[in-house]
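Here's a structure to walk through together. Have a look at the fold first, then read on.

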Amino acid sequence: MSREESLQSLSRACQDQEHTLRQELARQQQFLNDLEEKMRLLQQYLAQYRAECVQLEGEGVEVTRVLDMRRFIVQLEQVMQFHESSLQGHRQRTAVLLEEWKRARGKEKAIARILQHLRDLHQQQERKNLQKELDQWVARSACRARG
């Protein structure tokens with residue numbers, strides 16, 4: 001296998017890896033966006049329930065209803081804490097995937113540049129060989145013309 005064939009094979013592998021990582025990163029980013037949207041909704045609900053609880057306390061509603069509301073708010077806060085820790089994990093996973101994708105993309109670009117350089121060298125060598133053949137042909141033609 002020639003150097004160029006080896007590099008082409010490596011380039012295809014790098015492209016596949018970059019493509020896979022890009023897709024995984026896109027899925028992870030979408031999942032993270034969905035989780036963040038859910039967190040915003042939970043925060044809005046919590047604010048609404050807290051305001052409603054304060055209102056109920058001010059209205060002098062029966063104690064059991066206010067206590068039920070407070071317990072619900074505590075449960076909602078616990079859910080939000082769990083959700084926040086999950087969000088942090090997914091943010092970290094997204095950051096790791098982004099770095100992996102950047103490295104894969106950089107490697108892919110570097111191999112593409114090496115391949116292009118190799119092709120440029122081959123073309124340059126072909127032009128030199130062609131020019132050499134032309135020079136030899138001109139020299140032979142000139143000798144025949146004199147001879």
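What follows goes from the whole chain down to a handful of individual residues.

A word on ground rules: this is a predicted model, where local features need pLDDT of at least 70 and side-chain atom pairs count only at pLDDT 80 or more, while totals for chains, interfaces and linings use all residues. Residues are numbered from 1 along each chain as its sequence is written, and side-chain values use heavy atoms, with hydrogens and water left out.

Let's start with the overall picture. The chain has 2 helices and 0 strands, where helices (H or I, at least four residues) and strands (E, at least two) are DSSP runs numbered from the N terminus. Helix 1 covers residues 3–59, and helix 2 covers residues 63–146. The C-alpha trace spans about 125 × 25 × 15 Å along its principal axes. The radius of gyration is 34 Å, whereas a compact globule of 147 residues would sit near 15 Å; the radius is taken over C-alpha atoms, and the globule rule is 2.2 Å times the number of residues to the power 0.38.

How much of the chain counts as buried? Of its 147 residues, 20% do, with buried meaning under 20% relative accessible area, exposed over 50%, and partly exposed in between (1.4 Å probe, protein chains only). The chain exposes about 11000 Å², and carbon and sulfur atoms supply 53% of that; these areas come from the Shrake-Rupley method with a 1.4 Å probe, and for residues only the protein chains shown count as cover.

Charges next. There are 25 positive and 22 negative side chains, and the centres of the two sets lie 13 Å apart. Lys and Arg count as positive and Asp and Glu as negative, with His and the chain ends not counted; each charge is placed at NZ of Lys, CZ of Arg, CG of Asp or CD of Glu.

Now for the contacts, meaning heavy atoms within 4.5 Å. Among those between residues at least 6 apart in sequence, 82% join residues at least 24 apart.

Leaving aside neighbours within four places in sequence, Gln 28 is in contact with His 90, Arg 93, Thr 94 and Leu 97. With Thr 94 there's also a side-chain polar contact of 3.4 Å. That term covers a pair of N or O atoms within 3.5 Å; within protein, one must be able to donate a hydrogen and the other to accept it, and residues adjacent in sequence count only if both atoms are side-chain atoms.

Hop over to helix 2 and you'll find His 83, which counts as buried because its relative accessibility is 12%. Not counting residues up to four places away in sequence, His 83 touches Leu 35, Lys 38, Met 39 and Leu 42.

Trp 101 is in helix 2 too. What does it touch, if you skip residues up to four places away in sequence? The partners of Trp 101 are Glu 18, Leu 21, Arg 22 and Leu 25. Trp 101 is partly exposed, with a relative accessible area of 23%.

His 19, in helix 1, is 85 residues from Ala 104 in sequence and 9.1 Å away in space; His 19 counts as partly exposed at 36% relative accessibility. Gly 89, in helix 2, is partly exposed at 33%, and its C-alpha is 9.8 Å from that of Leu 32, 57 residues apart along the chain. From Trp 101 to Leu 32, 69 residues apart, the separation is 17 Å. Finally, Gln 78 in helix 2 is partly exposed at 48%, and its C-alpha lies 20 Å from that of Val 54, 24 residues apart along the chain.
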